[in-house]
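Here is a short briefing on a structure.

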Number of protein chains: 4
Amino acid sequence: MIIVLRPEATEAQVNHIIDKVKALGLTPHVSKGSERTIIGVIGPEDILRVTPLEVFPGVENVIPVLSPFRLVSREFRKDDSVIDLGKGVKIGGKEIVVMAGPCTIENIDSLYEIAKEVKNAGATVLRGGAFKPRTSPYSFQGLGKEGLQMLREVGTELGMVTISEVMDSRDVNLVADYVDVLQIGCRNMQNFNLLKEVGATKKPVLLKRGMASTVKDMLMSAEYILSGGNFSVILCERGIRTFEDSTRNTLDISAVPVAKQLSHLPIVVDPSHAAGKWGLVPALAKAGVAAGCDGLIIEVHNHPEEAASDGAQSLIPENFASLMGEMKAIAKALGRNIL
Amino acid sequence: MIIVLRPEATEAQVNHIIDKVKALGLTPHVSKGSERTIIGVIGPEDILRVTPLEVFPGVENVIPVLSPFRLVSREFRKDDSVIDLGKGVKIGGKEIVVMAGPCTIENIDSLYEIAKEVKNAGATVLRGGAFKPRTSPYSFQGLGKEGLQMLREVGTELGMVTISEVMDSRDVNLVADYVDVLQIGCRNMQNFNLLKEVGATKKPVLLKRGMASTVKDMLMSAEYILSGGNFSVILCERGIRTFEDSTRNTLDISAVPVAKQLSHLPIVVDPSHAAGKWGLVPALAKAGVAAGCDGLIIEVHNHPEEAASDGAQSLIPENFASLMGEMKAIAKALGRNIL
Amino acid sequence: MIIVLRPEATEAQVNHIIDKVKALGLTPHVSKGSERTIIGVIGPEDILRVTPLEVFPGVENVIPVLSPFRLVSREFRKDDSVIDLGKGVKIGGKEIVVMAGPCTIENIDSLYEIAKEVKNAGATVLRGGAFKPRTSPYSFQGLGKEGLQMLREVGTELGMVTISEVMDSRDVNLVADYVDVLQIGCRNMQNFNLLKEVGATKKPVLLKRGMASTVKDMLMSAEYILSGGNFSVILCERGIRTFEDSTRNTLDISAVPVAKQLSHLPIVVDPSHAAGKWGLVPALAKAGVAAGCDGLIIEVHNHPEEAASDGAQSLIPENFASLMGEMKAIAKALGRNIL
Amino acid sequence: MIIVLRPEATEAQVNHIIDKVKALGLTPHVSKGSERTIIGVIGPEDILRVTPLEVFPGVENVIPVLSPFRLVSREFRKDDSVIDLGKGVKIGGKEIVVMAGPCTIENIDSLYEIAKEVKNAGATVLRGGAFKPRTSPYSFQGLGKEGLQMLREVGTELGMVTISEVMDSRDVNLVADYVDVLQIGCRNMQNFNLLKEVGATKKPVLLKRGMASTVKDMLMSAEYILSGGNFSVILCERGIRTFEDSTRNTLDISAVPVAKQLSHLPIVVDPSHAAGKWGLVPALAKAGVAAGCDGLIIEVHNHPEEAASDGAQSLIPENFASLMGEMKAIAKALGRNIL
């Protein structure tokens with residue numbers, strides 16, 4: 001923590017701050033320059049972070065030096081975390097994991113048909129929503145438990161890992177009973193009680209970045225889950241909200257290398273929710289692979305015209321298969337592989 | 001809903017869409033222009049909204065005409081909603097309601113002292129956090145139930161309306177037992193299950209705008225609460241996330257007149273979380289009054305240096321009282337009043 | 001400047017940086033903490049700012065301590081700058097200056113009629129565009145020199161200060177010959193050559209904030225003009241670009257107190273371009289006065305249906321007069337006044 | 001253009017609008033629905049675009065249907081434009097063009113050395129700044145004409161196409177005399193007079209996207225150049241300004257497929273200015289190739305510690321060569337190639 005003083009700060013004000021820092025058990029380093037005095041406190045910042053030094057008289061600015069996250073950081077763990085999703089699928093290593101399926105689970109026949117198609121194309125994880133966060137209270141809210149049962153059934157039948165969103169702290173155990181990977185949606189990235197609940201399970205968690213969250217904010221939310229004892233967290237870049245209106249959200253492709261620098265956790269790209277239009281999905285998915293992501297989560301539907309939600313951004317199986325071919329070629333060119 | 005067709009759309013494609021619209025029980029109006037054909041469907045849009053018309057062959061674009069919200073809209077209710085908060089305080093009318101108090105409830109003595117000060121200055125609602133949404137799992141998370149008890153005690157003692165945040169769908173009944181107004185924080189604005197739970201109570205709800213949410217998004221979240229049967233919703237503008245870094249968030253002052261045009265619900269301004277620095281709070285609070293808000297929610301602390309959270313943005317009672325004087329003068333100049 | 005080293009930085013790397021700092025004639029202060037070593041250089045930062053210390057081996061982060069601007073800063077000049085616009089109008093003092101008129105100058109009769117109306121309501125500065133920055137090459141680009149002549153004629157006739165935009169470094173002398181105040185539009189806020197040209201004149205300059213510019217960026221652009229010898233600069237907040245789509249831009253009302261803290265220059269609010277809709281203009285204008293602005297620039301047109309540009313955001317004279325009444329009341333309530 | 005009327009719009013108001021539309025020589029299509037009346041005008045929208053229909057009584061909203069650009073659109077030209085840059089280099093076809101070099105031209109020896117390195121690695125275009133848009137008036141502003149001479153000399157010597165920025169409408173002819181491709185920087189994307197000047201030359205123009213500009217805004221700026229008679233325009237995505245602070249700007253990778261859908265013009269990615277940190281540049285560059293860009297522009301410096309500007313984001317030649325190897329592999333995997 002660097003405390004920058006105002007040019008007119010008095011000796012007494014400087015001493016008041018020094019006393020406070022010492023009272024907290026920390027060591028202040030005072031440097032007097034020609035234009036400013038600064039006080040450096042290069043120890044455990046957490047203690048200072050909760051002290052509102054900005055309001056101390058004479059203080060102009062307080063600048064943190066260390067990152068606020070610990071367990072998720074590269075410093076805590078140098079090597080990439082490889083997370084076992086079960087059924088032989090691991091994420092975070094050389095292999096890029098593809099998760100695919102419908103936005104919403106509609107019925108078991110449709111789910112099974114889509115699952116077969118995506119599996120044939122190389123997807124190893126089946127996605128499908130049972131609890132749906134809909135912006136309108138009048139929209140279809142998902143099949144709930146019944147949908148989870150269908151997902152488990154199809155996943156078991158085809159030997160695919162399953163993933164589905166949990167939206168409510170009360171539903172964590174229910175969803176965990178049915179699926180292999182718990183998904184936290186972007187609107188709940190800072191639903192801290194929900195994070196604590198999934199942190200208390202042993203299930204892998206896919207944590208989607210919030211629309212107004214920086215990569216560091218996402219890592220702080222991941223820290224909630226790791227600090228609860230669950231180290232199986234997969235980050236997910238799905239686009240942030242900007243002024244650009246030709247896409248639903250702006251895919252922040254830089255989040256992939258940034259997260260890789262700051263953290264040991266794997267990161268997945270969701271091109272479907274970022275684009276909002278199926279025609280843009282392939283370019284974004286390929287960009288994700290080239291940027292170094294560890295997996296992708298892609299919406300696929302066999303009859304987008306009839307989809308209960310997000311039809312506009314769903315690929316048909318034929319286009320998905322074609323995209324998989326291109327992604328495999330890129331992965332190979334970069335020394336990685338997809339299935 | 002306006003369906004804009006591609007220049008090369010075929011007769012068969014146009015008919016396929018017309019058939020779909022009719023199958024949904026709606027009436028299509030086809031207009032053929034020199035550069036494009038468009039199909040207007042000027043009926044209940046909800047039916048169409050869930051149909052992914054964008055993926056129909058030949059469609060270039062689908063443009064909604066009606067707003068997706070109903071109960072919160074000006075069309076549904078022409079007059080401003082006036083909401084009774086109890087203890088003689090009403091919001092949405094000529095009187096501007098000021099809510100003030102500490103960010104976090106720390107202990108009963110401090111809370112009582114701050115409450116007395118803000119009451120003397122003209123605040124009628126006492127704010128104080130018991131469940132705190134903290135970005136770090138290592139930060140103080142609030143006193144919980146114990147804090148709620150303190151808030152009720154002080155509120156009763158001083159005859160002030162009380163407001164506190166509820167973060168978890170499991171805690172709604174607990175918080176509702178202790179406080180007069182339930183607050184939904186910005187990070188939970190799209191925690192739809194939590195919205196449904198507060199919609200099932202009879203308590204007034206203060207709904208804070210999400211950092212990546214438009215005014216219309218906020219109204220859709222309010223619609224969740226109203227559609228659950230609870231019409232006592234107060235909107236709250238508290239800043240959105242932008243690139244500007246001299247404030248914690250960017251107060252979108254336009255949200256006040258925009259919300260007033262679109263909705264009958266009262267709207268409150270939170271200058272403290274928008275600014276993030278106490279020195280900026282008075283200017284933003286005064287701007288809120290001048291722009292036509294129905295209330296303000298302001299953080300006040302008697303010893304900001306010792307505050308458990310948000311010390312940097314808390315006014316000391318003396319500055320708060322001075323601000324209240326200015327706000328009263330502005331309110332009066334505009335034909336409204338504060339206490 | 002604070003140079004934060006990586007945990008694994010070697011002694012040799014630290015010395016390499018220290019040598020570089022000393023070679024630049026500056027004094028490094030080294031502080032070794034438990035988790036990091038930092039090097040503080042608390043002297044003239046400009047020298048370091050252009051040295052890419054981030055690429056030196058062992059450096060994790062470089063944090064500036066001082067602001068990059070000088071002449072525009074409060075430290076350079078403690079008191080508010082009061083700028084003389086001529087014809088008895090000064091901006092930056094107790095009096096709030098209102099600038100009003102049509103977006104585009106269309107013909108002399110219309111300009112004269114509008115000017116009379118806004119003058120009667122209390123505006124002292126007449127605005128009108130002769131060179132128009134239009135996003136489409138097919139839109140009307142303004143009357144050019146002919147428009148400037150009309151503006152001068154009407155300004156002289158009515159004794160009003162005149163202001164008009166200059167878009168091209170080649171036109172600065174031309175525009176300066178005809179108007180009292182040169183306006184730099186938001187799209188040219190970082191057209192540095194244009195800034196240098198207006199810095200070389202003696203005319204007051206109204207500098208509009210760019211849509212993607214922070215307040216500090218705006219101050220850096222103002223620094224270009226002051227460093228050229230022209231200290232008569234008026235800042236202008238006119239909205240930034242965000243995801244919110246119910247307004248043309250998001251008025252950053254906090255920019256008013258932020259600019260006042262950082263700089264001695266006066267600041268004006270442009271509610272018309274921020275809102276983009278006349279119905280929202282009064283609320284934003286009143287918020288500007290309450291937040292402490294030194295002036296406003298407002299689009300007024302007597303026949304918005306026929307306006308050559310920006311008709312949708314122009315007030316009719318009757319509404320402008322009514323707004324002026326409210327703004328005067330707010331100004332008075334806060335100890336300032338409008339004409 | 002779709003004109004949506006208010007629910008309470010009167011017959012007279014509807015007729016007033018219809019009369020206006022007819023007076024403009026257009027044909028209105030009126031559709032009366034259960035909740036709204038809408039008027040469609042599906043002809044040349046330009047005429048209506050400049051008419052402020054929003055201010056007509058009874059109008060709720062005006063929705064454009066057609067894009068405001070013409071010459072740059074896919075409808076105007078179905079096939080991709082291939083632009084000849086001279087010296088055997090063409091952009092827009094199967095081959096991906098790599099432009100590389102220092103941010104600022106510092107001296108001829110350094111430029112020559114860097115140029116040789118990037119040429120050996122496969123770059124065919126040499127970039128180098130002679131006129132530099134610096135946010136601070138106290139920063140080095142570039143060598144000007146002298147720098148252009150060096151660039152021409154090195155380009156000729158090595159047989160490389162040259163590109164350099166022009167910032168001022170007065171300098172267009174000068175820069176055009178020395179370089180093969182004129183660059184318009186992001187801060188000048190809406191400097192419309194500068195666009196007209198480069199539109200009047202026959203030189204290829206690289207147009208960088210503004211930090212607050214949508215893809216459509218960029219296309220409108222390109223339209224200025226094409227409408228001036230110069231069809232040799234290359235678009236450039238270089239990041240937009242968002243709240244994310246771990247990168248200098250947020251690379252909007254979706255801009256690549258979006259621009260390809262809307263326009264026939266080639267598009268280039270600038271990973272250096274988007275990232276702002278050399279360590280992130282390779283991931284973004286590879287993402288650009290995978291997303292389908294036609295070229296890249298990358299900053300390379302042989303001694304970043306000594307660079308006059310942007311040292312932090314410059315690759316050293318060794319890292320650039322390694323990146324080129326990866327980009328070539330990705331291009332090949334997707335059926336394209338780099339040199």
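A residue counts as buried if 20 or more other C-beta atoms lie within 10 Å of its own, as exposed if 12 or fewer do, and as partly exposed in between. The model is predicted.

**Helix α11 of chain A**
- Helix α11 of chain A runs over residues 317–333 and has 17 residues.
- From first C-alpha to last, α11(A) reaches 24 Å, close to the 24 Å expected at 1.5 Å a residue.
- Which residues of α11(A) are buried? They are A:F320, A:L323, A:M324, A:M327, A:K328, A:I330, A:A331 and A:A333.
- A:G335 follows α11(A), and the phi of A:G335 is positive, near 80 degrees.

**A loop residue, A:P44**
- A:P44 sits in the loop between β3 (37–41) and α2 (45–49) of chain A.
- A:P44 counts as partly exposed because it has 16 C-beta neighbours inside 10 Å.
- A:P44 and A:M1 are 43 residues apart along the chain, and their C-alpha atoms are separated by 8.9 Å.

**Helix α11 of chain B against helix α11 of chain C**
- Helix α11 (residues 317–333) of chain B packs with helix α11 (residues 317–333) of chain C at an angle of about 155 degrees. Their axes are 9 Å apart.
- Angles over 145 degrees count as roughly antiparallel, so α11(B) and α11(C) are roughly antiparallel to each other.
- The crossing of α11(B) past α11(C) is right-handed.
- B:A329, B:I330 and B:A333 of α11(B) make the contact with C:A329, C:I330 and C:A333 of α11(C).
- By class, the residues of this contact are six nonpolar, no polar and no charged.

**Chain D against chain A**
- This contact takes 37 residues from chain D and 37 residues from chain A.
- On the side of chain D that touches chain A, the elements giving two or more residues are α7 (215–227), α8 (255–262), α9 (271–275), α10 (281–291) and α11 (317–333) of chain D.
- α10(D) gives the largest share of that side, seven residues.
- The side of chain D that touches chain A divides into 22 nonpolar, nine polar and six charged residues.

**Chain D against chain B**
- Here 20 residues of chain D are in contact with 20 residues of chain B.
- Which elements give two or more residues to the side of chain D that touches chain B? They are β1 (2–5), β2 (28–32) and β3 (37–41) of chain D.
- That side of chain D has nine nonpolar, seven polar and four charged residues.

How values were computed
Residues numbered from 1 in each chain as written. Chains lettered and ligands numbered in written order. Predicted model: local features only at pLDDT ≥ 70, side-chain atom pairs only at ≥ 80, totals over all residues. Helix = DSSP H or I, 4+ residues; strand = E, 2+ residues; numbered from the N terminus. Expected span 1.5 Å × (residues − 1). Contact = placed C-beta atoms within 7 Å. Nonpolar A, V, L, I, M, F, W, Y, C, P; charged D, E, K, R; others polar. Axes fitted to C-alpha atoms, helices over the stretch in contact; angles between N-to-C directions. Parallel < 35°, antiparallel > 145°, perpendicular 65-115°, else oblique. Left-handed = near helix turned anticlockwise from the far one by under 90°.
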